Structure formats: C-alpha cells, structure tokens
Amino acid sequence: MPDNEQFLRFMAAWALVHETADEGWKAAVERGASQQPGEMSGGPEDFVDGLSAMIAEEKERLKAELASGRMREDDRSSVSESLDELRFELAELRGRIESLQASVDALRPADE
Amino acid sequence: MSARSREISRALVGAALRSGGSRALFARELRRAFERLGPAFVKLGQVISVRPDVFGPELVFEMEALQDSVPALPAEQVRAVIEREFGRPIEALFADFDDTPVASASIAQVHRATLATEYRPVVGAVLPAGTVLAVKVVRPGAEAAIRADVEAARPLAERLERSRRFARFQPAGLLGELEASLCSECDLRREARVADRFAFDFRDDPLMVVPRVVWPLTGRRVLTTEFVDGWRLSELDAARRAGIDGRALAVHGAEVFLRQVLELGRFHADLHPANLFVTPDGRICYLDFGITGTTSPEQRLAIAQVLAATVYGDAERAIRYSAELGLVLPPGREQVVREKVAALMHDTLATPPRDVRAYALGFLGILNAEKVAVPLGFGLLVKALVTVEGVARALYPDIDITEAAGPYATRVVARWAMHPARIAERGPAALRAALRELAG
C-alpha cells in the first residue's frame, strides 16, 4: 500500500476510535445522569458513569461562564491575592516614606 | 605589619597549631580565636557560616556556635544615637525608654521602650499606644572599628591568597564579602523591609509571628518593632511545662521553612537558635532578617525533586536534579558519587530514626572529597535544612522531619506536573509519541 494511503487508513482508524470513544462517553454521561443518589458507589462502571455525568455538568457550567464573562471562585481569589499584594506594596511604600520623613525631620536646625 | 595585624596572625596560626591536623578541632579553635579577636572576626565567622560552597562542613557548622555578646554600651551613648537619628529628644519619641539593654551584640544592642501614639504597621493590626517595643540600635563606632580590623587583616589575607593551600578559600574575596555584609547590616532599614515581607508572606498562618515594624521610629541606625515575648530554644523545658505542644510546633516549623523555599522563593538563611523563639500562646517567632536566600521557580521545582528523591532514597534522581541547581560532577566520577550518596542515604535515612544532619554533612563531605564545587545557593539550602532539623529537634527530640518534607515536596512536584500549562506543553508531545507508536 502506498504511503499516503497508509496514512489515510491510519487517520480513519484514529477517527473511528475517536467516534466510538465519543459515543461511549455520551452513553456514560446519559447513564450517569439517570443515576439515583448513592448509585455511583455501585461498582467501577457506575463510578465512571457518575463521574462522566459530573464532568459533563461542569463542562456546561464552564461554557455558560465563558459565554457570560462571569468569574469563577478561583479567578476571584486570584484577583483578591493581587489586591492584597498591591495593598502590601502601598503600605510598604508608606513605611519607607515615614522612615524617610523621620530622617528628613532630623535634619531640621535645632532652633526651628 | 601593625600590632593588630600581628595579633591577628598569632591568633590564627595558634588555632592551626593547636588543632593537630584535625578538621573538627581546627574549626573549634578558629571559632574561639574569632571570639577573642572581637566584632570583625565574629562577623567574619558569620560570613563563613553561610558559605558552605567554600568551606568544609565542620567549619561552617562550628561558626554557627559563635557567641556574639559584648559588654553593653552606656545608655547615654545609645540615647545619643537615637536622638541623632530622629532629631528629637528620646522623651518625644517614646512614652518610656528602658536604659537597661535586653541584648548586646557586636554591631547592635536592643532596648525595651513603649509606643507613645498608636501606629498602623505595614502588615497586621494597629499597634495601640502603650505597646511594648524592641529598639535595636547600631553601636556607635561599630562600623569604623570593623572596617579598621578588615584593613588590618587585608595584608594577611593577600598573603594567604598567594599560598596554594589557602587560595581556594579566597581570603581576599571573603574580606570583600565581609565589608559588603557589614554595610547592609549597619543599615537596619533593609532588615525592616525583609521583616515586613515575611510578615506579609505568612499573614494567613496563625502559628507564625514576625514582629511588626514601627517605621516612623526606624532609620539607618535604629530599628523599632513590637516586642514579642517568649522562650528561647534553650529554655524549652519551661515552654513544655507551660503546655506548649512541641511536636505540633516542630512539624509546623519544618513546613514553614519548606513553604519559604518551595513556594514563596524567599527564605531565612540565618536560622539559628538565637533568631527563633516560642511565644506563650504557642506560636513560632522569627527574628533577625539580616541574611536571606531566594529561589527561582525552576530552582524550587528542582529542590522539591531533590528533596523528594532524598526522602525516598533515590540517589540517582537526587543527583540528576541537583545538576539543575548547578551541581556539576566531574566527568568520569558520576558513578562513584552516585554510589557513595546511595550508601550514605542507606546508612542515614533508610530507617528511623533518620539523621538528616548526618546525611547533609556526609553529602557535603562527599562533594568535598570528590572536589565537586558546591554552588552557593545549594550549600545554603543544605545548611538551612540541617538547621531547621536542629530547631525541630530542639522543640521535639523525636521528630522526623522527613515525614513532613517528603509529602510536602511530592505535593509541589505533583502540582507542577498537573498544572494545565504543563499538561498543554506535554500533551501534544505525548499524542505524537502515541501516534508514532500506533503507526509502528
């Protein structure tokens, strides 16, 4: 078989695996979504189904967040960390100015 | 040669003669000679204690025990420094000032005072009027006296530099380093800034205390902080009697250090029992931020890898990642060093009670014997780890800090490996490898 045909064959096999996996994934999500509370701990298959449904839910939430531009808790905490850092840098600057002010005051002539 | 130069030469040669060729004995004699020779040599000893890249482990660890205490200065002289620094009488600066010093060392001495008006520090809650303060004052003339001693020691250092036996200790370079360290230690504003940064870094840690700086009462020669009371590590029996949980504090102390090195990238590189104490409410207080080390993100990951490999007894991996920290093994000696390190790991770390100090000393000893240059940052880190273990053992003698270090380092490595950027970086390569495998 010529090289390019072999390549096409390989890619077709890859697409087939991908499609089968995708169908398997969708079926797992569907089974997981219909699980009753507690069913996820029934065995490894049930666990995978339940986990797939949870991941699919999270994916939908992520899609909605990205579409609306809303922020996740993680992002919020990173902003809050940056604000903390900024506050510290300002306070540090204030400290240095206070020290500098004290040194400049010390230069005042005694009779002033 | 001046009289002082002769005195210095006599003291150093005497130390060498009394040691009878033993490294440990020489280290002890040299430490005693430095104590007798005064402040400049106490500082020189401190410089040696943080240069494991140049000096053998015996000398480095012996110099940690230097006693830096000198007779106190009369209170009038201390008051004069403070008044000159701020241009106001001491009564206008503090509600109260205690003329009896709390501590007296070669460069500075510390007095207790009381805050006159409330102050909002850079980190933490407002300090109310009446807060007890620690006022650290650089001794007048300390800098000039040390500089004079450095000049007196210079001809000797230059002569030693020409000798084949001593050249590798770079005596002239060491004197230069001493001068630089002196300049930075005599400006207390630098120490104040580092203290604030540490306080900020550990603001979410309820078991850590860093005294808050009072900036309007801080200048080049005066550092004013809140006074934190507690037990020195030599007084821990009293702490235990008061119900302090030594084990919890020891584990936490080790984690605090690992967090500095592996997460924050800034660490206290001059940890010794005098710079740490335990407060009555069971917290660890850090003092004296004169010497600090830094680690880059790449170094942090490599350190975590070395640490995890060491704790889990994987000599090959420990040495591989040490190379990323600048440790270069001479060609042809890799296998020998690996075998020696593996044997050392087996002897010191394989079974409890694990002896981190013996491992670190042995490791630096192997590098010394194999003539492997130890990068400064690497040496400082090994030394700091040993000190942390010593401190943890002082708090709780049966502590095994590898129990805290192993999981901590593993978490850092795992977090790095699972980082989305890392997965994105490795994903395509992994996929390509899989496709190549499938394509046969």
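**A covered strand, its sheet, and the surrounding core**

Strand 3 of chain B is mostly covered, with five of its seven residues buried, where a residue counts as buried if 20 or more other C-beta atoms, placed from the backbone, lie within 10 Å of its own, as exposed if 12 or fewer do, and as partly exposed in between. Strands here are DSSP runs of E with at least two residues, helices are runs of H or I with at least four, and both are numbered from the N terminus. The model is predicted, and local features need pLDDT of at least 70, side-chain atom pairs count only at pLDDT 80 or more, and totals for chains, interfaces and linings use all residues. Residues are numbered from 1 along each chain as its sequence is written, while chains are lettered from A and ligands numbered from 1 in the order in which they are written.

On one side, strand 3 (residues 132-138) is joined by seven bridges to the antiparallel strand 2 (residues 108-115) of chain B. Within this pairing, Arg112(B) has Ala134(B) as its bridge partner, and Ala113(B) has Leu133(B). Five bridges join strand 3 to strand 5 of chain B, again antiparallel, and here Lys136(B) is partnered by Leu223(B).

Contact means that the C-beta atoms of two residues, placed from the backbone, lie within 7 Å.

The largest nonpolar core has 118 residues, and those with the most contacts inside it are Ala254(B), Ala360(B), Val388(B), Ala405(B) and Ala409(B); such a core is a set of buried Ala, Val, Leu, Ile, Met, Phe, Trp, Tyr and Cys residues joined through C-beta atoms within 7 Å. Helix 17 (residues 376-395) of chain B gives the most to this core, with nine residues. Ala360(B) touches Val382(B), Leu385(B) and Val386(B), not counting residues up to four places away in sequence.

Between the chains, 13 residues of chain A are in contact with 14 residues of chain B. Helix 3 (residues 73-105) of chain A gives the most to chain A's side, with nine residues.

How values were computed
Pairing = 2+ DSSP bridges.
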